[in-house]
Amino acid sequence: MPDLLIELFSEEIPARMQARAAADLKRLVTDGIVEAGLTYAHAGTQVTPRRLTLALEGVAEGSPDSVEERRGPKVGAPDKAVEGFLRGAGLAREDLETRADKKGEVYVARIRHAGRPAAEIVAEVLEATIRGFPWPKSMRWGEGSLRWVRPLHRILCILSGPEGHEVVPLDVDGIRAGDVTEGHRFMSPGEIRVSSFEDYQAKLKRAHVMLDAEERAGTIRSEAQNMAFAAGLELVEDEGLLAEVAGLVEWPVTLMGRIDEAFLDLPAEVLQTSMREHQKFFSVRDPETGRIVRFVTVANRETADDGATILAGNQRVLSARLADAAFFWENDLVVAKDGMTPWREALGSVTFHAKLGSEADRVARIAALARELAPAVGADADMAERAARLAKADLVSEMVYEFPELQGVMGAYYARAAGEAPDVADAVAEHYAPLGPSDAVPTAPVSVAVSLAEKIDKLAGFWAIDEKPTGSKDPFALRRAGLGVIRLVLENGLRLGLRDLFANGPIWEVVRKDINARIGELEADEAKKEVELSDPEFRGTILTRTREAISEELASTKDKLEHWRKALLDWDERQNAAPADLLSFLHERLKVHLRGEGVPHDVIDACLAMEGSDDLTLLVHRARALAAFLTSDDGENLLAGFRRANNILAQAEEADGVEYSFGADAKHARTDEEKALFAALDQQEPAIEEAMKAEDFATAMATLARLRAPIDAFFEAVQINTDNQIVRRNRLNLLSRIRTLCLGVADLTRIEG
């Protein structure tokens, strides 16, 4: 069985598109040939800046013959119907078969399709793949109609086997497939003829092309680390930059350069960000001081001077970039040392959201919320409010304008320069955190208060204006904010009633005041116009206003008043409904978060039904304890006993039209098992209630498990629906006592299975 090798050779493919393009090539080609009846054993892709490569092993030599059956009209149908069916099938009447059907006999056409050779199928599929390739952006060049990410120069497509290889005949807009590729653009230019994937890979390596992206990345990493280590320094790890740089070169040559002494006092984050974003340089730091002192760049070629000219050019460009950063830093420090007042005032002209006001409006809300949260998280209220008022100031600084990813980080530097307390500066730096599932969660009380306030205000605000995430769309990163609230609460063990925080957040009062202010202005205008119209002395003039004009203005004012009064009612209704909906959103995020711990969703649902579900710490403690309990033998059997008791009670209550919820008395017990269950309940119930009050769910459930044996024995020996109605009612009330006790721990009716 032959192997297939495809290479699409072009100008440089942007690094960010390479991995997706390799996956798309594999998917489109393999899906296409399989659909055409061609099988293969294994498929692998490689990608460099100039080539997309797909290698398939064990490709079938052709597709098999096949027979397609088509059901036609009934026997005896009009001739025109039969003739139309024959034309579609490409058969004569004598080729048709008849077959019994539910409605009688019908004609059946058996159409034989001859298999096709692999080369024909591959050519057809590859042409369709190239013409319909899903690049995020593509271009046309020359006079052809073909679109590709960059001009496509060659198509290599061969089928190879023990007896040699053959070129798959293919022509796409004048680009004919062949068995020729090219080596490195500068170090090994010219054509290379190949006969198989192994031959292709080996010849490219000799032609200074490292085909495997992971190999290129590994080479860059190890060489950069070795260079840094030899200089007594350490490489700052940056996996994202490493993947990008590996997509920029075909033959990585790692070089280490120096940063001009004039820039070494810039914050490390500024140096690292400037070099990464503008130059694609890796940062190298001094482990003793933590300062960034050197950089690593990756060239795409070896040079006679071992990269000296390349380094000199890179250092000149870097110095110019860092001179800009130093200018921004010095200017910003002047403003920072003045208390950042100009920046804080400028936030009033920066829109956060058209319906939620400016960044200054948002800062005021966050500050109020941070002060309210401070006692619950153990923070100083004044410091929390101060940090919140400074948290967004750096958004209008020159440095953050140039490097938006440094917001918060630069704010902390500026806060320290302004003489703010360390806790305040740290809170400014950390108030965006956590930014993702692997990001560190703030633990300092002031930082926790401000970070929580920022996220709660964001969530409550967008829920207030009814702009929630839908499907895969989440333009304001509200899912990330929700997960941030969950992690802040859980990892700091906070006890917060989120429902009240959502319902009484500053956003509601701020908007309500704005609506009321509009209503007040319109009511005053309405009263003025009504006075004018009611004054018999008022005649109006042609040059000012006539009565008709005032009447029209009054009608318009009344319409506006009706609109804003309705808006106020809608706002009140939304304030009542939004907190529960927002809490439900957080609960869904919590389920996803706990899934990694192995806590089933139905266990969380059982705990969500209990009082205090807006206290996430309490909720998770209960859910973890319940999950552990239900995986034990005692837990499984007790759950079975609860279900049996609950089912019997539900049936009896429906049949009798009463609720059995009290009155079980041990004096009516007839059997030893019945008496033993009464005794066990009397003994364990106080301990369970005490543990629940102490929120010691593990102890409560362990104590509940002690009821397993007497409950099992009771169901084994006792008939509930006896003829004696007094005994029957007593036993049903006893079951109710079991149900109530179990439901006090969690809503076990929500447990699946």
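Let's start with a meeting of two helices: α13 passes α14 in a right-handed crossing, meaning that the near helix is turned clockwise from the far one by less than a right angle. This is a predicted model, where local features need pLDDT of at least 70, side-chain atom pairs count only at pLDDT 80 or more, and totals for chains, interfaces and linings use all residues. Residues are numbered from 1 along each chain as its sequence is written, and side-chain values use heavy atoms, with hydrogens and water left out.

**The pair α13 and α14**

- Helix α13 covers residues 409-417 and helix α14 covers residues 422-430; they pack at an angle of about 165 degrees, with axes 7 Å apart.
- The two helices are therefore roughly antiparallel to each other (angles over 145 degrees count as such).
- On the α13 side, Gly 411, Ala 412, Ala 415 and Arg 416 meet Ala 425, Asp 426, Val 428 and Ala 429 of α14 (contact means heavy atoms within 4.5 Å).
- The residues of this contact divide into five nonpolar, one polar and two charged.

**Helix α4 and its two sides**

- Asp 199, Tyr 200 and Leu 204 are buried in helix α4, residues 197-206 (buried means under 20% relative accessible area, exposed over 50%, with a 1.4 Å probe and protein chains only).
- Seen down the axis of α4, the buried residues fall within an arc of 125 degrees, so they line one face of the helix.
- These buried residues pack against β1 (3-10), β3 (51-57), β7 (152-161), β11 (180-182) and β12 (191-193).
- Glu 198 and Arg 206 are exposed on the face of α4 turned away from its buried side.
- Just after α4, His 208 takes a positive phi of about 65 degrees.

Technical notes. Helices (H or I, at least four residues) and strands (E, at least two) are DSSP runs, numbered from the N terminus. The arc is that of the directions from the helix axis to the C-beta atoms. Axes are lines fitted to C-alpha atoms, for helices over the stretch in contact, and angles run from 0 to 180 degrees between N-to-C directions. Angles under 35 degrees count as roughly parallel, over 145 as roughly antiparallel, 65 to 115 as roughly perpendicular and the rest as oblique. Ala, Val, Leu, Ile, Met, Phe, Trp, Tyr, Cys and Pro count as nonpolar, Asp, Glu, Lys and Arg as charged, and the others, Gly among them, as polar.
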